[in-house]
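This report describes selected local features of one protein model. Please consult the sequence and the structure shown below while reading.

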Amino acid sequence: MTRATGEDADADRTRHDTTRRLERAMGALGTAAMSRMDERLMWFRALSAEDRSWVGLVAQAGIAAFVEWFQHAGEGRPTPSIEFFGTAPRELKRSISLQQTVDIVRIVVEVVEAQTGELAAPGGEDQLQQAMLRYTRDVAFAAAQVYAREAEARGSWDARLEALIVDALVRGEVDDGLHSWAAALGWTSSPIVVLAGQTPDDDPQAVIDGLRDRGRRSGLDMLAGVQGDRLIVIVGGADSVGAAAKHVVPRFGPGPIVIGPEVNDLQAAASSARAAIAGLRAAAGWPDAPRPVHAEDLLAERAIDGDADARSQLIENVYVPLTGTPLLDTLATYLEQGTSLEATARLLFVHPNTVRYRLRKITELTGYQPTEGRSAFTLQVGLILGRLSETAGT
């Protein structure tokens, strides 16, 4: 027998003796690991009794897997896997992060290393320590690969859910399933605002990924969808509409960006999306509109473009409050006379101060100022729509 062969035989005997010691100590090692986790891991103490029990089984299974692997480590045993995590139910694996998995592995290693002198057969301390280093390193890499694969799968699933939510809101197909989908993505924020604009030239998925990253860094919930040349972004949790716009406007392509009205929950976001998209279609009617522009500021253009919501809103906000009062005739005359105060007063046989007073009342009732160009245009469209609605009703 050569010297090398003799040394190999000695190493095998030492490994065999150490394995027997490890097998006898597995129960005590598992108990010690659980005790140390309870001492040092706050998240472990917060788990339910059932989940703590499952973690204990996982730790015990990990120790058993190491002992079985160590027994054959000298035979060219392949890299260890983390199949022992299959001991835990799916719910537990979803609730424990990669960092927490590393915490479990680290503590199990510490427990075994602390007892290396007692666990290793005489002369086998270095052999056991080297095996522990290799095993824990390979298990850590294997765990990282598993979590990476699950993250990729989760990312693909999240992207599909996100597309479904955006499409449902754009179509106005809102039901209970919408909240379930949103909950699966962790959506909890309100208020909510929807923005619509042109898609940039970048890859659509890169645009959406960039918005998600911006949302995470700014503490906002964001959902986005690309539909042809149109980018729809839903923002939740912003302090104001302006704050929401600030975070997402740079992600849009050139051209108008329209902000829908703020709403309180995701289900109501369909109306905000509808207004934003209608505003985007009609924005060409106001080339000098600010960027971004509120859908409410495009009511006149939207109404002319055929948006039923805008027409109803203008009739309700402009025509209805003035109907049956002298204010309606005053406004109509004022606009027909090119916003001339004196001409309006002469035709109505009233003092110019009376006209001024009535114009102020019109502003109070409608929110639009007849002496301002954009407001006068919106009031004019509202008057026409109101008259047409009365004609249609007779």
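Is Arg20 buried, partly exposed or exposed? Arg20 counts as partly exposed because its relative accessibility is 22%; buried means under 20% relative accessible area, exposed over 50%, and partly exposed in between, with a 1.4 Å probe and protein chains only.

## Basis of the report

The model is predicted: local features need pLDDT of at least 70 and side-chain atom pairs count only at pLDDT 80 or more, whereas totals for chains, interfaces and linings use all residues. Residues are numbered from 1 along each chain as its sequence is written, and side-chain values use heavy atoms, with hydrogens and water left out.

## Salt bridges

The structure holds nine salt bridges, a salt bridge being a side-chain nitrogen of Lys or Arg within 4 Å of a carboxyl oxygen of Asp or Glu. Side chains of opposite charge can pair when their charged atoms come close. One of the bridges joins the side chains of Arg20 and Glu23, with an N to O distance of 2.8 Å. Because Arg20 and Glu23 are three residues apart in helix H1, about one helical turn separates them. Helices (H or I, at least four residues) and strands (E, at least two) are DSSP runs, numbered from the N terminus. An α-helix has 3.6 residues a turn, so residues three or four places apart point the same way. Glu23 is partly exposed, with a relative accessible area of 35%.

Asp38 and Arg52 also meet through their side chains in a salt bridge, at 3.1 Å from N to O. This pair links distant parts of the chain, with Asp38 in helix H1 and Arg52 in helix H3 (residues 49–71), 14 residues apart. Asp38 is partly exposed at 30% relative accessibility, and Arg52 is partly exposed at 24%. A further bridge is formed by the side chains of Arg40 and Glu110, at 2.5 Å from N to O. Here too distant parts of the chain are linked: Arg40 belongs to helix H1 and Glu110 to helix H5 (residues 98–114), 70 residues apart. Arg40 counts as partly exposed at 47% relative accessibility, as does Glu110 at 22%. Arg36, Arg40 and Glu110 are linked in a network of salt bridges.

## Surroundings of Leu29

Leu29 is placed in helix H1 (residues 3–40) and is buried, with a relative accessible area of 2%. Apart from its neighbours within four places in sequence, Leu29 is in contact with Ile63, Val111, Val112, Gln115 and Leu119, where contact means heavy atoms within 4.5 Å. Leu29 and Val112 are 83 residues apart in sequence, but their C-alpha atoms are 6.9 Å apart in space.

## Aromatic groups

One aromatic pair is counted. Rings of Phe, Tyr and Trp (its six-membered ring) pair if their centres lie within 6.5 Å; planes under 30 degrees apart count as stacked, over 60 as edge-to-face and the rest as tilted. The ring centres of Trp43 and Phe44 are 6.2 Å apart and their planes lie at 90°, so the pair is edge-to-face. Trp43 is buried at 18% relative accessibility, and Phe44 is buried at 0%.

The charged end of Arg374 sits over the ring of Trp286, 3.6 Å from its centre. A charge sits over a ring if NZ of Lys or CZ of Arg is within 6 Å of the ring centre and within 35 degrees of the ring normal.

## Helix H16

Helix H16 (residues 352–366) has 15 residues and spans 21 Å from its first C-alpha to its last, close to the expected 21 Å. The expected span is 1.5 Å times one less than the number of residues. Val355, Arg358, Leu359, Ile362 and Thr366 are the buried residues of H16. Seen down the axis of H16, these buried residues fall within an arc of 105°, so they line one face of the helix; the arc is that of the directions from the helix axis to the C-beta atoms. The face turned away from the buried side carries the exposed residues Arg360 and Glu364. Gly367 follows H16 and has a positive phi, near 85°.

## Backbone features in loops

The peptide bond from Arg291 to Pro292 is cis, with omega near 5°. Pro292 lies in the loop between helix H11 (269–282) and strand S5 (293–294).

Thr339, a residue other than glycine, has a positive phi near 60°. Thr339 lies in the loop between helix H14 (326–336) and helix H15 (341–348) and is partly exposed at 37% relative accessibility. Phe349 has a positive phi near 60°; Phe349 lies in the loop between H15 and H16 and is exposed at 77% relative accessibility.
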